[in-house]
Amino acid sequence: MSDSSLTRPGLPAGDPQGPGGSPAGGLVPRPKAARPSAARLRLRALTATLASVPITLFGLALVTFLIGRVVPIDPVLAIIGDRAPQDVVERTRLELGLDQPLYIQFWKYLGQILSGDLGRSVMTSNPVTQDIARFFPATFELATVAILIAVLIGVPLGVWAATRQGSWVDQGVRLFCLAGHSLPVFVLGLISLLLFYATLEIAPGPGRQGIYFEGMVDERTGILTLDALLAGDIPAFRDALWHLAQPAGVLAFFSLAYIARMTRAFMLAELKSEYVTTARAKGLSGATIVWGHAFRNIAVPLVTVLTMTYAGLLEGAVLTETIFAWPGLGQYLTVSLLNADMNAVLGATLVVGLIYVALNLLADLLYRLLDPRVS
């Protein structure tokens, strides 16, 4: 058989390529596209997340602005009173720029926010940023202690119940979580005051500190327990910690019930997985399976539960702060709303929104640290 018999009809002998230099038959092998690396995928996802933050903040500013214009409270009358002469009302309206179109008012409002100016509180006559800086540390102290107690008790409690599904331990934990969700927080607060303060007299009354210690500790951070430690005043620290115990305990009980319930649900789903069965067949200990394998897998969804619970506490536990006379952001927001102080209300609302955005971003970053598969 000659070489010419091996060539395709229409192609010159010895020419293995078709027109344009393509292989015989016209099939052009395409080079495989290089897949982006895992690090590049994570960088893209992180960039997209960070890019969404300004859009979210812009929407938050727009919503708060519209709330301030929709509510049936005249900001002019809230400032000068409802008995002011009409010429004073009109002059004040012009000074505030309320006669201008809404889009111009919004751009001015946005510029004030970016410059850190949230207006002046009618109730306190102070800049709203100054009031928030004074009230927020009390809420931060209360929320942080409460979430620490809730995590240290709630997470192990949920894991313990899941590993003993159907036992009396599991039933007791479920009943405990049900009670934590069923009892309103203000009822828990009143019961706590009635039992430990009024009846047993083993707990201090409402407030952040006793009368004897008021004004004795210089405020550096606004967190009373930390300021007392920095000042080296141990009696003041004990008093502040003792006053913190009841409201933090009430919030912790309410929060750890939710955390324990979610931890139990996540852990039950993991313990039914095939890899757990395989690990048991290999003879691994129960502690290694639960904490070394299953708990690592529930850490990612558990991050959402913990961060959102903490955000809810940081926005100001209004009822708890009111019952225990705790001068935090929630009480400031409530009193401002009752006094039609819209600058303070909108400023505090913006701070709450910023807290949620920041903690959502933190949760997203923790996802990527805990689970490299998340891109």
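Colleague: Where does E201 lie?

Modeller: This is a predicted model, by the way. E201 lies in the loop between helix 7 and helix 8, which spans 224-231.

Colleague: Is E201 buried or exposed?

Modeller: E201 counts as exposed, because its relative accessibility is 63% and exposed means over 50%.

Colleague: What about phi of E201?

Modeller: Phi is near 55° there. That is a positive value, and E201 is not a glycine.

Colleague: OK, next one. What is phi like at A325?

Modeller: A325 has a positive phi too, of about 50°. A325 is not a glycine either.

Colleague: And where is A325 found?

Modeller: In the loop between helix 12 and helix 13. A325 is partly exposed, with a relative accessible area of 37%.

Colleague: Let me zoom out. How many helices and strands does the protein chain have?

Modeller: The count is 14 helices and 0 strands. Read along the sequence, the pattern is α-α-α-α-α-α-α-α-α-α-α-α-α-α.

Colleague: How much of the protein chain counts as buried?

Modeller: Of its 375 residues, 38% count as buried. The accessible surface comes to about 21,600 Å². Carbon and sulfur atoms hold 65% of that surface.

Colleague: What about contacts between residues at least 6 apart in sequence?

Modeller: Among those contacts, 70% join residues at least 24 apart.

Colleague: Now helix 13. Which of its residues are buried?

Modeller: Helix 13 covers residues 329-338, and L329, G330, Y332 and S336 are buried in it. They cover an arc of only 165° around the axis, so they sit on the same side of helix 13.

Colleague: What do those buried residues pack against?

Modeller: Helix 5 (128-163), helix 11 (286-314), helix 12 (318-323) and helix 14 (342-370).

Colleague: And what follows helix 13?

Modeller: A340 does, with a positive phi near 55°.

Colleague: Switching to the largest nonpolar core. Which residues touch the most other members?

Modeller: I132, L251, L329 and Y332 do, in a core of 51 residues. Several helices each supply at least two residues of this core, including helix 1 (38-70), helix 4 (102-114), helix 7 (185-199) and helix 9. Apart from it lies another core, of 11 residues, among them L268, A279, I289 and V290.

Colleague: Time for rings. How many aromatic pairs does the structure hold?

Modeller: It holds 10 aromatic pairs. Take F65 and Y109: their ring centres are 5.7 Å apart and their planes are at 40°, so the pair is tilted.

Colleague: Where do F65 and Y109 lie?

Modeller: F65 lies in helix 1 and Y109 in helix 4, so the pair ties together parts that are 44 residues apart in sequence.

Colleague: Are F65 and Y109 buried or exposed?

Modeller: F65 counts as buried, at 2% relative accessibility. Y109 is buried as well, with a relative accessible area of 14%. Both fall under the 20% limit for buried.

Colleague: What kind of pair do Y212 and F213 make?

Modeller: Their ring centres are 5.1 Å apart and their planes are at 90°, so the pair is edge-to-face. Y212 is exposed, with a relative accessible area of 65%, whereas F213 is buried, at 15%.

Colleague: Which residues form an aromatic cluster?

Modeller: F58, F65, F106, W107 and Y109 form one.

Colleague: Last stop, H243. Where is its place?

Modeller: H243 is in helix 9, residues 234-271. H243 is buried, with a relative accessible area of 8%.

Colleague: Which backbone oxygen lies 2.9 Å from a polar atom of the H243 side chain?

Modeller: The one of D239.

Methods
Residues are numbered from 1 along each chain as its sequence is written. This is a predicted model: local features need pLDDT of at least 70, side-chain atom pairs count only at pLDDT 80 or more; totals for chains, interfaces and linings use all residues. Side-chain values use heavy atoms; hydrogens and water are left out. Helices (H or I, at least four residues) and strands (E, at least two) are DSSP runs, numbered from the N terminus. Buried means under 20% relative accessible area, exposed over 50%, partly exposed in between (1.4 Å probe, protein chains only). A polar contact is a pair of N or O atoms within 3.5 Å; within protein, one must be able to donate a hydrogen and the other to accept it, and residues adjacent in sequence count only if both atoms are side-chain atoms. Contact means heavy atoms within 4.5 Å. Accessible areas come from the Shrake-Rupley method with a 1.4 Å probe; for residues, only the protein chains shown count as cover. The arc is that of the directions from the helix axis to the C-beta atoms. A nonpolar core is a set of buried Ala, Val, Leu, Ile, Met, Phe, Trp, Tyr and Cys residues joined through side-chain atoms within 4.5 Å. Rings of Phe, Tyr and Trp (its six-membered ring) pair if their centres lie within 6.5 Å; planes under 30 degrees apart count as stacked, over 60 as edge-to-face and the rest as tilted.
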